Amino acid sequence: MSKPSDLVQGTLDLLLLKILALEPLNGFAISLRLKQVSSDVLQVSDGSLYPALHKLEQEGWIAAEWKLSENNRRAKFYLLTRLGRKQLAKEAANWTRLSDAISHVVRIEEA
Amino acid sequence: MRLEHWFYTIPLRLRSLFRRRQVEAELDEELRYHLERKIEEFDARGLSREEARYAAFRAMDGLEQRKEECRDKRRTNSIENFFQDLRYGLRMLRKSPGFTAVAVLTLALGIGANTAIFTVVNAVLLRPLAYPEPDRIVNFMLGNHEIEGTSVPMFMFWREQTEVLQDFALYGEVVKGPGVNLTNTDRPERLRSIPVSADFFKLFGASIEIGRTFTAQEDVPGGPRLAVLSDGFWRRRFGADRTLVGKSILLGGEPYVVIGIVCDIEPIHSAWNAQGPSLRTDTPADVWLPVQADPNSADQGGNYRSAARLKPGVTLEMAKARTKLAEARFRQKFPGGKLSSFSFNLEPLSEAVVGNVRLGLLVLMGAVSFVLLIACANVANLQLARATGRRREMAIRAALGAGRRRIVFQLLTETLPLWLAGGALGIGFGYSVLRALLASSSVNLPRIGAQGSAVTLDSRVIIFTMLTATFTGILFGLIPAFSASHDDVSAALKENGTRSGSGLGQSKTRAILVVIEMALTLVLLAGAALLMRTFVALRTVDPGFEAHNVLTFEMSLNQARFDQTVAVARLLRDAQRRVEGIPGVEALAATRSLPLDPNPDYAPVIIEGRPPTKDRYQDWAASRDVSAPYFEVFRVPLLRGRLFTERDDERAPRVVVINETMAKAFWPTDSLGRAPLGERITLYEEPPREIIGVVADVRDAELGSKPEPMVYVPVGQRLDADNAEDNKESSMIWVVRTKSEPYSLSDGIQRELRIASGGLPVSHIRSMDQVRMEATASSNFNMMLFNIFAGIAVLLAAIGIYGVMAYAVQQRTQEIGVRMALGASPRDVIRMVVRRGMRLALMGVLIGLVGAWALTPLMASLLYGVKASDPVVLTSVAVLLSAVALVASLIPARRATRVDPVLALRLE
């Protein structure tokens, strides 16, 4: 039962929130978008995507809506809620702080 | 923030719970959409339809597991799972009614027994006394003897400690006291009356129905004759006549003005059980009279109780310290005296009431919890056996994504209905058995009311039972659940069909459970056997008197015309002449107290001619006032000298008869065996009396204790003042020896006694056989319950060991078949099976022996005539239990010999 091993714990949430902040998408589209935006660096298996989405939904950060998809089939679209927007801001800030700190450490010249 | 969060999440949770079908359909559709798009994508890359499908599913990495993960995110999954498992569990139980019935009945037995005992514990130990602020009421006592009454001067000194205490109450005896005769009617009746001080009503929180209670101004010597009636008595005797208040009634020949009616308050009186004296609260008084005690009294007699309430912020220790101060002042005023061997002390009132029955009840509670553990172990064992048949089911569940936690929870949820049903059934079952038990036997426990009417189910009992059921259900449900979830999935799936052998782990768990059952059963059996030995010892102990064919009647002489000893002596003579005239009556005597129904007086003894010890009240003896035929009625043999005769009256020289223990204790160096005849002793402040006889010892206080030194004093030779005081403190008890069944003569004797006494009623008619039974009631109660518990335990343990062995035989059918095919005789097979069964049993017995050796000393004070670690008892219960285990494993062993080798091998 593989976990999203390539992702730092908790970053999947951030990625999903960020992607949905741009536009409402359905699950399949999200999986495509993930690959696309990260230039295939970030691998998220289809299997772990849906539990992650359902978790965000249950937290109230994203809401679901059934709409017709681009190929005219009914699909479940997710969109960011007000609560989700706040969460995104918080997690993005955390991420920036953390990555700055780590880059800083990495850049230290070895004596 | 939090609120906004709920705004989003609550509708989602509700939707998950109540629109479950729709939510599930959406989940399906969402994932289906994904898969379809994925297939299209692979399709476009040129894969075949079949390959594309396979690739899409593989990318999902287990569709059903993913769905389950998504469901887990809903947060309501555990609730849903619970109900789903519950439904499934109930369905499984319905499908195997035999198992369900056995399991539920076993649990009902175990839980019911616990409910029954806990109901008693609740009524006696846990429910607060029905007084305002009951835990702040303290009981005044002398040393550690609740039974030793307070004298008026002691109370007066104690009452000065108003900085720490308030609502001081002085009150008399309800049951042991003489009560008072209601005489101005055609139905004379002896009432249960007690003298009380004014604050009594305040301390014990009487609620006034009509009128008022006494004031402190009325509660003084020479104050008005007033009476406060209990609601119950007023309704029963006066038909709730409201105009009675303000009128007077004739009590003991004197008019008393009724000033108020109060609702029955839990009254307090002293009693005696196998563990010694205690206060009791379960006999209501009919009427309360002002005690009108003299604050300047120097009278150290008197058999009062006293109690008070701690002032706010005062601790028991502070009050005790101040009580010591009162003692010092008292000793200053009355040096020496009755107090020298006692000291002022306080204890919480509840302690005085239940202190000495606590141990017995807790031991019972412990015993009954063993029964429950055994019952639970048995059911867990049954479940383990069933779990074996469900290994494939569990493996499939695991393969489909059920985590270990999930499986454990499922099995637990399936188990819980068994325990809850057992609990529900147990409440009904335990309570009804308890009711029958309390109604049919005399149980000597405080606070349980007439025939246990105060022992009732309340919310605490029900909560206790349901908690017990849930807790043991979870505890014992976890055993089979964990054991099942341990299984190796692929191994279980590979095994073919139903005949899969039980995992090694499971049979080990079952063996351990059986060993534990055997051990617990042995401890219970040991306890039961010890109490049985106690019971037999108490039954066979020679009480020193003959109880059979003796009938007793009580009469209150609490009225002015019997103040003079002469009047009492005349009554005794008249009564004796009349009653002994009845055909079938052998002898009539009068006494102030009965053997085995104790409340004896203790008198300080001074022996004439001995150099005074530094404390002149060093020596005490129990004292009993009797009329001459007392020894004849009870057939107490005379050892030396002579008994009282009718000529030992108020004009004759003052005499006394003592018992053998007193002769030996007080005259230890008597080599000729003649002393102490002719010696003279002084009791209290009386003039000296001559010892005229020594009689054999009688077990007076209780069957299980050694006789104490005792003096018998002729009723007709008491000083007038003492006689009058006796009349106020105790009844006269008539004892009649009959030639045949005594109750048949009861009516005639009552009639003659009434005529002789000028119309006084008699009450409390009991045979001495009955008195003797009541004296051992509490040990009988303990023994009976213990035997029931031990019986259930043995039965359950036998079933347990039988179950394990029968199952083992079934599992090893093939092996046995092979052995028999290879030439093993039926004897060999039996030996093989029995050896295994007995190994478990003996292990349990050994552990149980250690447990019994460690635990039975706790019940040492409940035993008589046998030591807690009695080797004979321990050996015999070990042998008994082993024998039961042998029989229980022989049955499956014999079945094993009937295995047909051909059939068994063909199963292969």
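Two strands count as paired if DSSP finds at least two bridges between them. Helices (H or I, at least four residues) and strands (E, at least two) are DSSP runs, numbered from the N terminus.

## Basis of the model

This is a predicted model, in which local features need pLDDT of at least 70, side-chain atom pairs count only at pLDDT 80 or more, and totals for chains, interfaces and linings use all residues. Residues are numbered from 1 along each chain as its sequence is written, while chains are lettered from A and ligands numbered from 1 in the order in which they are written.

## Chain A: layout and sheet

Chain A has four helices and three strands. From the N terminus on, the order is α-β-α-α-β-β-α. Of its 111 residues, 30% count as buried. A residue is buried if 20 or more other C-beta atoms lie within 10 Å of its own, exposed if 12 or fewer, and partly exposed in between, with C-beta atoms placed from the backbone. Two residues are in contact if their C-beta atoms, placed from the backbone, lie within 7 Å. Among the contacts in chain A with a separation of 6 or more, 52% come from residues 24 or more positions apart.

The three strands form an open sheet in the order β1-β3-β2 of chain A, with antiparallel pairing. β1 (25-26) and β2 (62-68) of chain A are the edge strands, each with a single partner, so one side of each has no neighbour in the sheet. β1(A) pairs with strand β3 (residues 74-80) of chain A over two bridges, in the antiparallel sense. One of the residues involved is A:Asn26, whose bridge partner in β3(A) is A:Phe77.

## Chain A: a helix pair

Two packed helices are described by the angle between their axes and the distance between the axes. Axes here are lines fitted to C-alpha atoms, for helices over the stretch in contact, and angles run from 0 to 180 degrees between N-to-C directions. For helix α2 (residues 27-37) and helix α3 (residues 46-59) of chain A, the axes come within 11 Å and cross at roughly 120 degrees. α2(A) and α3(A) are therefore oblique to each other. Angles under 35 degrees count as roughly parallel, over 145 as roughly antiparallel, 65 to 115 as roughly perpendicular and the rest as oblique.

The crossing of α2(A) and α3(A) is right-handed. A crossing is left-handed if the near helix is turned anticlockwise from the far one by less than a right angle, and right-handed if clockwise. A:Gly27, A:Ile30 and A:Ser31 make the contact from α2(A), and A:Asp46, A:Leu49, A:Tyr50 and A:Leu53 from α3(A). By class, these residues are four nonpolar, two polar and one charged. Ala, Val, Leu, Ile, Met, Phe, Trp, Tyr, Cys and Pro count as nonpolar, Asp, Glu, Lys and Arg as charged, and the others, Gly among them, as polar.

## Where the chains meet

On chain A, 18 residues are in contact with 22 residues of chain B. The elements α2, α3 and β3 of chain A each give two or more residues to this side. α3(A) gives the most, with seven residues. The side of chain A that touches chain B has six nonpolar, eight polar and four charged residues.

## Chain B: helices and strands

Helix α6 (residues 97-126) and helix α14 (residues 404-440) of chain B have axes that come within 6 Å and cross at roughly 50 degrees. That makes α6(B) oblique to α14(B). Their crossing is right-handed. The contact of α6(B) with α14(B) has 16 nonpolar, seven polar and no charged residues.

Strand β9 (residues 254-262) of chain B pairs with strand β6 (residues 208-211) of chain B in the antiparallel sense over three bridges. B:Gly211 stands opposite B:Gly260 of β9(B). Strand β7 (residues 226-230) of chain B runs parallel to β9(B), joined by five bridges. B:Ala227 has B:Val258 of β9(B) as its bridge partner. β8(B) and β9(B) pair in the antiparallel sense over four bridges. Their hairpin has two residues between the strands, and B:Gly252 takes a positive phi near 55 degrees there.

## Chain B: single residues

B:Asp167 has phi near 55 degrees, a positive value in a residue other than glycine. B:Asp167 is found in strand β2 (residues 165-171) of chain B and is buried, with 22 other C-beta atoms within 10 Å. B:Ala240 also has a positive phi near 55 degrees. B:Ala240 sits in the loop between α9 (231-238) and β8 (248-251) of chain B and is partly exposed, with 13 other C-beta atoms within 10 Å.
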